[in-house]
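Here are some friendly notes to read alongside the model. Keep the 3D view open and look for each part as it comes up.

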Amino acid sequence: MPKTAPRRARRRGPRRHTRRDRAVLCVLLGLPILLDLVLVWGPTMASVGLSFTDWDGVGDITWAGLGNYAHLFTDYPQFWPAVRNNLLWLAALGLLATPFGLLLAALIDRGVRFSRFYQSTLYMPVVLSLAVVGFIAQLILSRDQGALNALLGGGKDPVDWLGDPDLNIWMILLAACWRHTGYVMILYLAGLKSVDPTLKEAAAIDGATERQTFFRVVLPALRPVNVIVGVITVVEALRAFDIVYAVNKGRNGLELLSVLVTDNIVGEASRIGFGSAIAVVLLLVSLGFIVTYLVQELRGEERR
Amino acid sequence: MPRRSLLRGMAAGAGAVALPSLLAACGDGPGDGVTLGSNASDTVPKRAYADAFAAYEKKSKKPVKVNTVNHENFQENINRYLQGTPDDVFTWFAGYRMQYFARKGLLADISDLWRKFEGFSDAVRKQSTGEDGKQYFVPYYYYPWAVFHRKSVFRTRGYEIPENFDQYRALARQMQKDGLTPFAFGDKEGWPAMGTFDYLDMRANGYDFHIALMRGEKSWTSPQVRQVFDLWRSLLPYHQKGANGRTWQEAAQSLQGKKAGMAVLGLQHPGQPFTSENRADLDLFPFPEIDPAFGKEAVEAPMDGFLMAKKARHREAARDLLAFLATPQAELAYLKRDPNNVAANGGAGTQSYDALQKKAVRLVAGARQISQFMDRDTRPDFASTVLIQALQQFIGDPDDIDGLVNSIERQKKQIFAAD
């Protein structure tokens, strides 16, 4: 038994904290936890609770059971387009903008000519708020007065880039990707700078092609950056709001769950219960994606 | 009951309810004189209101403290604003949109003030009255909706003012032949198309049906409503294409630029792109008759004015200000700077009006009924979460009327069942 004795002693370690240490710990841990409960979990739980009620923001709150959800899934024509658009957003940012940002980062990191220029040009949109990107998109894409139709010549029946519900989501995704690509690029550039160059040299000596070096050596070394980029992409896709709200208040083809929440909750006569039900759906979707993603990433981390 | 208070506690915990009112409370301390919350954030109305309040301050020697909030934000926050610490008096709209807050007990009853008011017509009085028969609203100005056009275009092309729907359609056809877009049309904001629906419904089915429909008492799947959409569909080929991507300002510009022949808009709107020289060229005619049984007796004339909050802190000062704002001279002080509206008080002299304003006055004076506008005649939540989207969907795809009216009706039942 003597072997275990020191370990047990170490386990008893925390008890050696003085009263003051404990007080400091309580404050340092307690305050953030309290803030988290009040500012994050409180509202979240309130939304969940309210989603089972009817409330107009003034009068009594009445219990509605699952009524809001039933109505949402069956009789609310904007709901499924919004879900579809949210998923499209996720796909566009995740499968197009992110790989493209990585490609640009890799190219710039290799040191193409004028790389400083490209770097700053591509990063420029990131400093703009998405709402501003929305206003710029309108200047370019407006049917009658937009720059794009003026360039195309327009003719008698110019393309209605922002008014046609089959087209406008793609145009807005393009604008959103424009900004997201720069964001991803800058993150990967920072990551690429930190990859040990001797790794690449070793790969070259082993006879790896440049492609092989990139996919087998550099990219795995970028794993921590990948996690960050992945989470940022999912978060950006699910919180998308400002750009569609700036363009047409998120109606007529640009529906998003976040817009439906706002439509129902913010306003003169609020449908707070119904809006909360939409918010809960958005919460579940977000949790689903973020939790799955993080669990996989962390598992991958353990495996190595 | 405990469940209810629990839920309320949860909502309060969210801070969502308390925060805006706390912020509002920071804005204005309980100073002297009356405070006034204004949604007139655009330059022209803001300066015009300032003129009117200055006239009051000069007359009464009492200060008015104006808190101007961005127009859209003011509307979006009105609920929490009225439950928090609202200003004593605030700008708002007549009709159902006012009655809604009266029913919630958030407005002060000013029936006794109304007994002393002079110059308001019965129709105006009706729009200022809550469902309980008491008056809450001080009407200030209104702006009728009509069909706007350029005199010069009608003169050079020899167009006649259409009296009924057939002539209206024939005129549109003729304009198209002449290379004009018959109707300038933009509905990007969601509301401009409402005016066309309202007129089609009131002309085809009468004012009473329209109001009952707006109050949720009639079915949207009824043959009457289908007929409205059918009539509208027959006109859509003469409208500017791509309306859902165009703002009303852009539509008004095509009327101003003589690219379009007509536009169904409110008095406030089409004149904006016109320069002062060619403003005299803008003219209006009433929306043509569809069913002779109803003729052209209803006019859509949204009315803006003032309300007093139930929670007003300077009650006497507020009532004094309201009494002043109901007078013709207060309205004229405003209209001098913003001539895109017409005074609600019939006693206001029309000498200073331009030809278009005078025509608007005659239009409303001859009306048997006055509607307020779709989003003021029905529940705000129904208008903003169902009707805006439905009308845009119709404009984009006018052929699926069945699906459209069924969807509206299902959502209507859900929303109107909430109270």
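A word on terms before we start: helices (H or I, at least four residues) and strands (E, at least two) are DSSP runs, numbered from the N terminus. This is a predicted model, in which local features need pLDDT of at least 70 and side-chain atom pairs count only at pLDDT 80 or more, while totals for chains, interfaces and linings use all residues. Residues are numbered from 1 along each chain as its sequence is written, chains are lettered from A and ligands numbered from 1 in the order in which they are written, and side-chain values use heavy atoms, with hydrogens and water left out.

1. Let us begin with chain A and its database record. The unreviewed UniProt entry lists residues 21–42, 87–108, 120–141, 169–190 and 272–295 of chain A under "transmembrane region". UniProt positions are given here in the numbering used for the model, feature names are shortened, and annotations may be inferred rather than shown by experiment. In the model, residues 120–141 of chain A are 73% helix and 0% strand, with their end C-alpha atoms 25 Å apart. For residues 272–295 of chain A the figures are 100% helix and 0% strand, and the end C-alpha atoms lie 33 Å apart.

2. How many disulfides does the structure hold? Over all chains there are 0, where a disulfide is a pair of cysteine sulfur atoms within 2.5 Å. A:Cys26 is exposed, at 55% relative accessible area, whereas A:Cys177 is buried, at 12%. Buried means under 20% relative accessible area, exposed over 50%, and partly exposed in between (1.4 Å probe, protein chains only).

3. Now turn to the sheet in chain B. Here 6 strands form an open sheet in the order β2-β1-β3-β10-β4-β11, with mixed pairing. Strands β2 (64–68) and β11 (342–343) of chain B are at the edges with a single partner strand each, so one side of each has no neighbour in the sheet. Two strands pair if DSSP finds at least two bridges between them.

4. Take β1 of chain B, residues 34–38, as an example. Which way do its residues point? B:Val34, B:Leu36 and B:Ser38 point one way from β1(B), B:Thr35 and B:Gly37 point the other way, and all are buried. In a regular strand the side chains alternate between the two faces of the sheet. Because 5 of the 5 residues of β1(B) are buried, the strand is largely enclosed by the rest of the structure. β1(B) pairs with β2(B) in the parallel sense over 5 bridges, and B:Gly37 stands opposite B:Asn67 in β2(B).

5. An antiparallel pair is found in β4 (137–142) and β10 (303–308) of chain B, joined by 5 bridges. To find the pair on screen, look for B:Tyr141, whose bridge partner in β10(B) is B:Asp304.

6. Next comes β7(B). β7(B) pairs with β5 (145–150) of chain B in the antiparallel sense over 5 bridges, and B:Ala146 stands opposite B:Leu265. With β6 (181–183) of chain B, β7(B) pairs in the parallel sense over 2 bridges; there B:Thr181 has B:Ala260 as its bridge partner.

7. On a 1 Å grid over the protein atoms alone, a cavity is a set of points where a 1.4 Å probe fits but cannot get out, and lining residues have an atom within 4 Å of a point. Grid points are joined across faces, edges and corners, and a volume is the space filled by probe spheres set on the points. The largest cavity holds about 50 Å³, and its lining includes B:Phe185, B:Pro192 and B:Leu265. Both α10 (192–205) and β7 (260–266) of chain B give two or more residues to that lining.

8. The lining of the largest cavity has 7 nonpolar, 1 polar and no charged residues. Ala, Val, Leu, Ile, Met, Phe, Trp, Tyr, Cys and Pro count as nonpolar, Asp, Glu, Lys and Arg as charged, and the others, Gly among them, as polar. The second largest cavity, of about 40 Å³, has 4 nonpolar, 1 polar and 2 charged residues in its lining. Its lining residues include A:Trp89, A:Arg179 and A:Glu236, and α8(A) gives the largest share, 3 residues.

Definitions and conventions:
On a 1 Å grid over the protein atoms alone, a cavity is a set of points where a 1.4 Å probe fits but cannot get out, and a pocket is an open set with protein on both sides within 12 Å along at least five of seven lines; lining residues have an atom within 4 Å of a point.
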